[in-house]
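Hello,

Here is the structure I promised to hand over.

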Amino acid sequence: MKFFHTPDLIRRFSKDLVWSIDPVANEVYLTFDDGPNEEITAYILDRLSALGWQATFFCVGENAAKRPELLQRIISEGHSVGNHTNTHVNAWKTSSESYLQNVETAARIIKSSLFRPPYGKISKRLVNNLSEKYKIVMWSFMAYDFDSKVPHDVIKERAEKYIRPGSIIVLHDNEKFIPNEKAVFEVIVEVLQKKGLVSRRIY
Ligand SMILES: [Zn+2]
């Protein structure tokens, strides 16, 4: 079963995590995970610039280390960056100690007080530890741009139904999911424009 919209039940069990932001006028929060990667991150930055929107990029440390100029471009164009671990680790398959070290390695390159756990997986112990330093940002709408089997008309219909002011929307700038993530990004842009919503960065 695919949850486009984060169920309230899950939200209630995790009060230390940020799932959405109190609505400000017509604003939502586009977020991009797994970059920076040359082609797709540059494409998204160009599009955001044309739209006059800001977003938040949860970067993988080793990707950012390979492409410091792209990381710098994200920041200089007015977007936020966040820590998405150094090697995209799964918290349920790693000891807490090595997970925290991995986050710290990424933090040497990604200067940010925002964190998002890869796969959305995290333990209570890690939440307790990381929330001392970071705002742990989850999401309210998952666009499934990483799964090319999900039809775009389904994504569009769910987006029209669930995205509202304050929504935190997950997309990707992962080189593995091109071209689907570009197409899904454009679907989301179309829905936001139709609803009169704009994207702002999280900070
Ligand atoms: Zn990720």
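The charges come first: the protein chain has 28 positive and 25 negative ones, and their mean positions lie 5 Å apart. Please keep in mind that this is a predicted model.

Now the overall build. The protein chain has eight helices and eight strands. Its radius of gyration is 16 Å, close to the 17 Å that the globule rule gives for 203 residues, so the chain is as compact as a globular protein of that length. Along the principal axes, the C-alpha atoms fill a box of roughly 45 × 40 × 35 Å. Of the 203 residues, 51% count as buried. The accessible surface is about 9,700 Å², and carbon and sulfur atoms make up 52% of that. Among contacts with a separation of 6 or more, 78% come from residues 24 or more positions apart.

Next, the backbone. Most peptide bonds are trans, and most residues other than glycine have a negative phi. Some spots here depart from that.

- Gly 35 and Pro 36 are joined by a cis peptide bond, with omega about -5 degrees. Pro 36 sits in the loop between β1 (27–33) and α2 (38–51).
- Asp 34 is in the loop between β1 and α2 too. Its phi is positive, near 90 degrees. Asp 34 is buried, at 7% relative accessible area.
- Ile 178 to Pro 179 is a cis peptide bond, with omega near 5 degrees. Pro 179 lies in the loop between β7 (168–172) and α8 (180–195).
- His 88 has a positive phi of about 60 degrees. Its place is the loop between β3 (80–83) and α5 (96–107). His 88 is partly exposed, at 21% relative accessible area.

Best wishes

Note on methods:
Residues are numbered from 1 along each chain as its sequence is written. This is a predicted model: local features need pLDDT of at least 70, side-chain atom pairs count only at pLDDT 80 or more; totals for chains, interfaces and linings use all residues. Side-chain values use heavy atoms; hydrogens and water are left out. Helices (H or I, at least four residues) and strands (E, at least two) are DSSP runs, numbered from the N terminus. The radius of gyration is taken over C-alpha atoms; the globule rule is 2.2 Å times the number of residues to the power 0.38. Buried means under 20% relative accessible area, exposed over 50%, partly exposed in between (1.4 Å probe, protein chains only). Contact means heavy atoms within 4.5 Å. Accessible areas come from the Shrake-Rupley method with a 1.4 Å probe; for residues, only the protein chains shown count as cover. Lys and Arg count as positive and Asp and Glu as negative; His and the chain ends are not counted. The place of a charge is taken as NZ of Lys, CZ of Arg, CG of Asp or CD of Glu.
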